[in-house]
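Colleague: Before we discuss the details, could the sequence and the model be placed side by side?

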Amino acid sequence: VQLQASGGGLVQAGDSLRLSCAASRRTRSNYVMTWFRQAPGKEREFVGGISWSGGGTYLADSADSVKGRFTISRDNAKNTVYLQMNSLKPEDTATYYCAVKYGYIGSMRDLKSYEYDYWGQGTQVTVSS
């Protein structure tokens, strides 16, 4: 499975970007696809994600630092999860990564980075003030 992350760029504070994470494989099982970010000199942090039960129910979650500004959505037909980022701030500057864990049932916040099955290559988001 390959994850292709895209959509990053250089924007000004207050602007919006939409990141995409496309998986090369379609699955009908449970999965969690999550966005992380890592700024220079800082640890990788959870941004938000979506869990899909396979039975038609999905749940979205996001970090407190981005609630109200970032929205997670998915298009199962395209095997793609989106991260819509509005009202961007300079502190949102980071490399954004997507990751997927298949067959997982539980809170995505309980997953450690090393527990994910696959990672995308990262896409750079730079927000100027």
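Colleague: Which residue stands opposite L83 in β8?
Modeller: This is a predicted model, in which local features need pLDDT of at least 70, side-chain atom pairs count only at pLDDT 80 or more, and totals for chains, interfaces and linings use all residues. Residues are numbered from 1 along each chain as its sequence is written, and side-chain values use heavy atoms, with hydrogens and water left out. Strands here are DSSP runs of E with at least two residues, numbered from the N terminus. Across from L83 of β8 stands L19.

Colleague: Over how many bridges do β3 and β8 pair?
Modeller: Two strands are taken to pair if DSSP finds at least two bridges between them. β3 and β8 run in the antiparallel sense, and the number of bridges is six.

Colleague: On β7, which residue is the bridge partner of T80 in β8?
Modeller: β7 and β8 also pair in the antiparallel sense, over six bridges. Along this pairing, Y82 of β8 has S73 opposite. For T80 of β8, the bridge partner is D75.

Colleague: Which are the edge strands of the open sheet?
Modeller: Four strands, with antiparallel pairing, make up the open sheet in the order β1-β3-β8-β7. A strand that pairs on one side only is an edge strand, and this holds for β1 and β7.

Colleague: Why is β8 largely enclosed by the rest of the structure, and how many of its residues are buried?
Modeller: A residue is buried under 20% relative accessible area, exposed over 50% and partly exposed in between, with a 1.4 Å probe and protein chains only. β8 has six residues and is largely enclosed because the number of them that are buried is five.

Colleague: Which residues does L83 contact, leaving aside neighbours within four places in sequence?
Modeller: Contact means heavy atoms within 4.5 Å. L83 is itself among the residues with the most contacts inside the largest nonpolar core. Its contacts beyond those neighbours are L17, R18, L19, W35, V47, F70, T71, I72 and Y96.

Colleague: How many residues apart are the two ends of the pair C21 and C98?
Modeller: The structure holds one disulfide, defined as a pair of cysteine sulfur atoms within 2.5 Å. It joins C21 to C98, with 2.1 Å from S to S, and is right-handed, with 70° about the S-S bond. C21 and C98 are both buried. The link connects distant parts of the chain, C21 in strand β3 and C98 in strand β9, and their separation in residues is 77.

Colleague: What value of phi does N79 take?
Modeller: Most residues other than glycine have a negative phi. N79 lies in the loop between β7 and β8, a hairpin with four residues between the strands. This residue counts as buried because its relative accessible area is 19%. Although N79 is not a glycine, its phi is positive, at about 55°.

Colleague: Is S87 buried or partly exposed, and at what relative accessibility?
Modeller: S87 is found in the loop between β8 and β9, where its phi has a positive value near 50°. Not counting residues up to four places away in sequence, S87 touches G14, D15, S16, R69 and D92. S87 counts as partly exposed because its relative accessibility is 40%.

Methods
A nonpolar core is a set of buried Ala, Val, Leu, Ile, Met, Phe, Trp, Tyr and Cys residues joined through side-chain atoms within 4.5 Å.
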